[in-house]
Amino acid sequence: MVKRKRTTISLEAEKPKQEENILPLVRTSDEPLTKKAKWINKQRVLVFAARGITQRDRHLMVDLRDMMPHSKTESKFERKDPLFVINEICEMKNCNKCIFFEGRKKQDLFLWLANVPKGPSAKFYIENVHTMKELKMTGNCLKGTRPLLSFDSSFDTQPYWSLLKELMTQIFSTPKNHPKSQPFFDHVFTFTIIENRIWFRNFQILEEDGQLAEIGPRFVLNPIKVFDGSFGGETIWENPNYVTPNAYRRMLNLQTGLKYRQKIEQKLSLAARQPTGDLCDIDALDEEVFEDKNPTQIANEVMNQRIDDGKKKKKEKKKKNKNIGTGKKGGRDMFQEILADSDDE
């Protein structure tokens, strides 16, 4: 019995030693925990196009997607579907802004900028498109960085320009603390109004003193209309200086046709001023002298001339034979006899 007591005491003495080695489940620290920054401005832009755009237009669309980390993609839009179906596509993709490219006749490209689903929306005609791969500029920037937006002072002169400025600011600016973005600025998007058109350029910030290098792409937006709703609705503003591409090409064709008409009129006036008459008809003589004849035509003419000469000789022989048979002398024979008599005397 005594031995058993000793063993129990030894086990009870060893228990607190084992409990001291166990670490607590939660460890405290004096340093505060780093919290992730909240992503408040949750702007998402859907960038896609309709069927029928060219290769260069598709490269431009891909360049815009790469420059905007808050953009989303979608498959090609069917041309037979109405445009208000895009609002439903944006809702399914959880996007509140949209950039839509629409191509026509494999040569004209139109751009829609829309605030989904309530609007407003604007339609542009894109001119002078140059992509990043086409330009091969010296500038470069990291993918996912936030851009600075630089707008011309003329955007504040008219209310429709200020509306387009606000729409472009919400679409092209990368939200702060976006998961796919980098927390610094290294390039600038510039929007400049020249000749009632918006010129877009993308520059790299080389140094803090303001040195820039162009990256690309570059294009020009010619505004057509601004609508109250998304992809439709009441027209807020319409560009009076806009000329459709078909009308512009028709004007060029008329100019080339005008040159042709002027040439024809010059030829007619020259023909009217030339003198008329047989003596002044020099062109007919030139045609006779410098007329090009085939070898068969020349051979036929020679044969006809020989036949005519043979017929003439036969006629002369017949006349001579008739004169000899009748005994009459011709005038030539009489003249020869008179000359012979004069020689004898």
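Two strands are taken to pair if DSSP finds at least two bridges between them. In this predicted model, strand 3 (residues 97-104) and strand 4 run antiparallel and are joined by eight bridges, with E102 standing opposite F110 of strand 4. The hairpin that these two strands form has three residues between them, and K105 takes a positive phi near 60° there. The hairpin of strand 4 and strand 5 has five residues between the strands, and G119 in its turn has a positive phi of about 95°.

Strand 4 (residues 108-115) is mostly covered, with eight of its eight residues buried. In a regular strand, side chains alternate between the two faces of the sheet. Strand 4 has D108, F110, W112 and A114 pointing one way and L109, L111, L113 and N115 pointing the other way, and all of these residues are buried.

In soluble globular proteins, nonpolar side chains tend to be buried together. The largest nonpolar core of the model has 35 residues, of which I99, F101 and I198 touch the most other members. Helix 5 (residues 159-172) gives the most to this core, contributing six residues. Apart from it lies another core, of 15 residues, which includes I86, C95, F100 and W112.

Once its neighbours within four places in sequence are left aside, I198 is in contact with F124, F155, W161, L164, M168, F191, T192, I193, F219, V220 and L221.

## A nonpolar surface patch

V243, Y248, M251 and L252 form a nonpolar patch on the surface, and together they have about 380 Å² of accessible area. L252 belongs to helix 6 (residues 245-273), and this residue counts as partly exposed because its relative accessibility is 37%, a value that falls between the limits of 20% for buried and 50% for exposed.

## The surroundings of M132

M132 is found in helix 4 (residues 132-135) and, at 26% relative accessibility, counts as partly exposed. When residues up to four places away in sequence are not counted, M132 touches D63, M67, N202, I215, G216 and P217. M132 and H59 are 73 residues apart in sequence, and their C-alpha atoms are 8.4 Å apart in space.

How values were computed
Residues numbered from 1 in each chain as written. Predicted model: local features only at pLDDT ≥ 70, side-chain atom pairs only at ≥ 80, totals over all residues. Heavy atoms only, no water. Core = buried A, V, L, I, M, F, W, Y, C linked by side-chain atoms within 4.5 Å. Buried < 20%, exposed > 50% of the residue type's maximum accessible area, 1.4 Å probe, protein only. Helix = DSSP H or I, 4+ residues; strand = E, 2+ residues; numbered from the N terminus. Contact = heavy atoms within 4.5 Å. Patch = residues over 30% accessible without salt bridge, like charges linked within 9 Å, V, L, I, M, F, W, Y side chains within 5 Å. Areas by Shrake-Rupley, 256 points an atom, 1.4 Å probe, with all protein chains shown as cover. Salt bridge = Lys/Arg side-chain N within 4 Å of Asp/Glu carboxyl O.
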